[in-house]
Amino acid sequence: MSTLIDRSYLTAPHRKRLSVSMLYLIRSHKLNRSVSVLDYGCGHGFEWQYLRSLGYDAHGYDPHFFPEYHQQQFDVVTLLHVLNVIPTFNDRIKVIQDAYARCKSVLVVASRSPQPCSGSDYLDGKITRYGWFNKCYSDLELKLFCAASLGVNSDRFKQIGQKAFILHR
(Lines give C-alpha, C1' and ligand atoms only; values in the text may rest on other atoms or scores of the structure.)
Protein backbone atom coordinates (compact mmCIF):
# COMPACT_ATOMS: atom_id res chain seq x y z
CA MET A 1 0.00 0.00 0.00
CA SER A 2 2.62 2.57 1.02
CA THR A 3 4.53 1.72 -2.15
CA LEU A 4 1.54 2.91 -4.19
CA ILE A 5 1.23 6.11 -2.22
CA ASP A 6 4.96 6.75 -2.49
CA ARG A 7 4.80 6.20 -6.26
CA SER A 8 1.94 8.65 -6.88
CA TYR A 9 4.45 11.47 -7.45
CA LEU A 10 5.51 9.66 -10.64
CA THR A 11 2.18 10.67 -12.19
CA ALA A 12 3.04 14.39 -12.04
CA PRO A 13 3.42 15.68 -15.60
CA HIS A 14 6.26 17.99 -16.62
CA ARG A 15 4.09 20.86 -17.86
CA LYS A 16 5.16 23.49 -20.33
CA ARG A 17 1.86 25.38 -20.38
CA LEU A 18 -1.05 26.06 -18.07
CA SER A 19 -3.74 23.42 -17.64
CA VAL A 20 -7.22 23.89 -19.07
CA SER A 21 -8.59 24.43 -15.56
CA MET A 22 -6.03 27.14 -14.73
CA LEU A 23 -6.70 28.87 -18.06
CA TYR A 24 -10.43 28.79 -17.28
CA LEU A 25 -9.80 30.57 -13.97
CA ILE A 26 -7.80 33.31 -15.68
CA ARG A 27 -10.19 33.77 -18.62
CA SER A 28 -13.21 33.89 -16.31
CA HIS A 29 -11.44 36.49 -14.12
CA LYS A 30 -11.68 34.29 -11.03
CA LEU A 31 -7.90 34.31 -10.91
CA ASN A 32 -6.09 37.61 -11.28
CA ARG A 33 -3.17 39.40 -9.68
CA SER A 34 -5.34 40.66 -6.78
CA VAL A 35 -6.20 37.19 -5.42
CA SER A 36 -4.06 34.47 -3.88
CA VAL A 37 -3.94 30.95 -5.29
CA LEU A 38 -2.73 27.62 -3.92
CA ASP A 39 -2.01 24.83 -6.38
CA TYR A 40 -2.64 21.90 -4.01
CA GLY A 41 -0.84 18.79 -5.24
CA CYS A 42 1.17 20.89 -7.67
CA GLY A 43 3.58 18.18 -8.78
CA HIS A 44 6.68 19.78 -10.30
CA GLY A 45 5.17 23.22 -9.68
CA PHE A 46 5.12 24.67 -13.18
CA GLU A 47 1.71 26.33 -12.89
CA TRP A 48 2.17 28.22 -9.64
CA GLN A 49 5.78 29.17 -10.50
CA TYR A 50 4.71 30.42 -13.93
CA LEU A 51 1.86 32.44 -12.42
CA ARG A 52 4.21 33.87 -9.80
CA SER A 53 6.63 34.93 -12.57
CA LEU A 54 3.73 36.92 -14.04
CA GLY A 55 3.06 38.72 -10.77
CA TYR A 56 0.35 36.49 -9.29
CA ASP A 57 0.27 35.69 -5.57
CA ALA A 58 0.71 31.98 -6.34
CA HIS A 59 1.85 29.15 -4.11
CA GLY A 60 2.21 25.40 -4.44
CA TYR A 61 2.03 22.40 -2.17
CA ASP A 62 2.97 18.85 -3.06
CA PRO A 63 3.97 16.26 -0.46
CA HIS A 64 6.85 15.05 -2.64
CA PHE A 65 8.13 18.05 -4.63
CA PHE A 66 7.07 21.07 -2.51
CA PRO A 67 6.41 19.73 1.00
CA GLU A 68 6.32 23.10 2.78
CA TYR A 69 2.77 23.11 4.08
CA HIS A 70 0.79 26.35 3.90
CA GLN A 71 -1.45 26.85 6.93
CA GLN A 72 -3.12 30.02 5.69
CA GLN A 73 -6.15 30.31 3.45
CA PHE A 74 -6.10 31.34 -0.20
CA ASP A 75 -8.75 32.98 -2.35
CA VAL A 76 -8.49 30.22 -4.95
CA VAL A 77 -7.39 26.62 -4.38
CA THR A 78 -6.86 24.18 -7.23
CA LEU A 79 -6.81 20.41 -6.78
CA LEU A 80 -5.91 19.30 -10.29
CA HIS A 81 -5.31 15.66 -11.18
CA VAL A 82 -4.69 14.70 -7.56
CA LEU A 83 -7.69 12.75 -6.28
CA ASN A 84 -7.45 10.15 -9.03
CA VAL A 85 -3.97 9.00 -7.93
CA ILE A 86 -4.75 8.56 -4.23
CA PRO A 87 -5.41 4.86 -3.59
CA THR A 88 -7.66 4.98 -0.57
CA PHE A 89 -11.12 6.48 -0.37
CA ASN A 90 -10.54 7.95 3.10
CA ASP A 91 -7.28 9.60 2.03
CA ARG A 92 -9.07 11.20 -0.93
CA ILE A 93 -11.67 12.59 1.46
CA LYS A 94 -8.95 14.00 3.74
CA VAL A 95 -7.20 15.68 0.81
CA ILE A 96 -10.28 17.39 -0.62
CA GLN A 97 -11.39 18.49 2.85
CA ASP A 98 -7.94 19.93 3.54
CA ALA A 99 -7.88 21.74 0.20
CA TYR A 100 -11.34 23.16 0.88
CA ALA A 101 -10.28 24.29 4.36
CA ARG A 102 -7.54 26.40 2.69
CA CYS A 103 -10.10 27.99 0.32
CA LYS A 104 -11.68 31.40 0.95
CA SER A 105 -13.63 31.73 -2.28
CA VAL A 106 -13.12 29.22 -5.12
CA LEU A 107 -12.14 25.54 -5.22
CA VAL A 108 -11.42 23.84 -8.52
CA VAL A 109 -11.20 20.05 -8.69
CA ALA A 110 -10.16 18.16 -11.82
CA SER A 111 -9.34 14.52 -12.48
CA ARG A 112 -7.28 13.04 -15.25
CA SER A 113 -8.83 9.64 -15.73
CA PRO A 114 -8.48 7.91 -19.07
CA GLN A 115 -11.51 6.06 -20.35
CA PRO A 116 -11.52 3.20 -20.60
CA CYS A 117 -9.38 2.78 -17.54
CA SER A 118 -6.98 -0.13 -17.86
CA GLY A 119 -4.88 -2.05 -15.41
CA SER A 120 -5.28 -4.52 -12.59
CA ASP A 121 -8.19 -4.05 -10.20
CA TYR A 122 -7.19 -2.55 -6.86
CA LEU A 123 -9.64 -1.19 -4.29
CA ASP A 124 -11.96 1.09 -6.30
CA GLY A 125 -9.48 1.79 -9.10
CA LYS A 126 -6.69 0.25 -11.13
CA ILE A 127 -2.97 -0.29 -10.87
CA THR A 128 -1.59 0.94 -14.18
CA ARG A 129 1.10 -0.79 -16.21
CA TYR A 130 3.49 1.79 -14.72
CA GLY A 131 2.74 0.57 -11.21
CA TRP A 132 0.75 3.47 -9.82
CA PHE A 133 -2.88 3.79 -8.79
CA ASN A 134 -5.58 5.47 -10.88
CA LYS A 135 -9.19 6.01 -9.83
CA CYS A 136 -11.14 6.30 -13.06
CA TYR A 137 -13.82 8.87 -12.26
CA SER A 138 -16.73 9.67 -14.53
CA ASP A 139 -17.85 13.31 -14.46
CA LEU A 140 -20.87 12.48 -12.31
CA GLU A 141 -18.91 10.26 -9.93
CA LEU A 142 -16.29 12.97 -9.35
CA LYS A 143 -18.94 15.62 -8.74
CA LEU A 144 -20.85 13.42 -6.28
CA PHE A 145 -17.66 12.37 -4.47
CA CYS A 146 -16.58 15.98 -4.02
CA ALA A 147 -20.00 17.13 -2.82
CA ALA A 148 -20.40 14.25 -0.35
CA SER A 149 -16.85 14.67 0.97
CA LEU A 150 -17.45 18.36 1.66
CA GLY A 151 -21.06 18.04 2.83
CA VAL A 152 -22.43 20.39 0.17
CA ASN A 153 -25.20 19.99 -2.38
CA SER A 154 -23.81 18.60 -5.65
CA ASP A 155 -25.65 21.37 -7.55
CA ARG A 156 -23.11 23.83 -6.15
CA PHE A 157 -20.38 22.17 -8.25
CA LYS A 158 -20.42 23.66 -11.74
CA GLN A 159 -18.70 21.77 -14.53
CA ILE A 160 -15.99 23.78 -16.29
CA GLY A 161 -14.54 21.01 -18.44
CA GLN A 162 -14.22 17.27 -18.75
CA LYS A 163 -13.85 15.93 -15.20
CA ALA A 164 -13.37 19.48 -13.91
CA PHE A 165 -15.61 21.35 -11.47
CA ILE A 166 -15.67 24.66 -9.64
CA LEU A 167 -17.20 25.33 -6.23
CA HIS A 168 -17.78 28.82 -4.83
CA ARG A 169 -17.86 29.22 -1.04
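In what order do the strands of the open sheet run? This is a predicted model, so keep that in mind throughout. The sheet has 6 strands, and the order is β2-β1-β3-β4-β9-β8. The pairing is mixed.

Look at the edges. β2, residues 57–61, stands at one of them, and β8, residues 157–161, at the other. Each has a single partner strand, so one side of each has no neighbour in the sheet. On average, neighbouring strands are turned by 20° against each other, direction ignored.

Now one pair in detail. β4 and β9 run antiparallel to each other, over 5 bridges. Within that pairing, V109 has F165 of β9 as its bridge partner.

Helix α2, residues 20–27, lies across β1, β3, β4, β8 and β9. Its direction is at about 155° to β3. Helix α3, residues 46–53, packs on the sheet too, touching β1, β2 and β3. The direction of α3 makes about 160° with that of β2.

On to α4. This helix has 13 residues. From first C-alpha to last, α4 reaches 18 Å, close to the 18 Å expected. Which residues of α4 are buried? They are R92, I93, V95, I96, D98, A99 and Y100. Note that the list includes an arginine and an aspartate. The cover over the buried residues of α4 includes β1, β3, β4, β7, α5 and β9.

In general, nonpolar side chains of soluble globular proteins tend to be buried together. Here the largest core holds 27 residues. L79, L83, I96 and L107 touch the most other members. Two or more residues come from each of β1, β3, α4, β4, α5 and β9.

Take I96 as the example. Leaving out residues up to four places away in sequence, I96 touches L79, L83, L107, V109, F145, C146, S149 and L150.

Last, the cysteines. How many disulfides are there? The count is 0. Are C103 and C146 buried or exposed? C103 has a relative accessible area of 1%, and the cut-off for buried is under 20%, so C103 is buried. C146 is also at 1% relative accessibility, so C146 counts as buried.

Terms used. Residues numbered from 1 in each chain as written. Predicted model: local features only at pLDDT ≥ 70, side-chain atom pairs only at ≥ 80, totals over all residues. Heavy atoms only, no water. Core = buried A, V, L, I, M, F, W, Y, C linked by side-chain atoms within 4.5 Å. Buried < 20%, exposed > 50% of the residue type's maximum accessible area, 1.4 Å probe, protein only. Helix = DSSP H or I, 4+ residues; strand = E, 2+ residues; numbered from the N terminus. Contact = heavy atoms within 4.5 Å. Disulfide = S-S within 2.5 Å. Expected span 1.5 Å × (residues − 1). Pairing = 2+ DSSP bridges. Axes fitted to C-alpha atoms, helices over the stretch in contact; angles between N-to-C directions.
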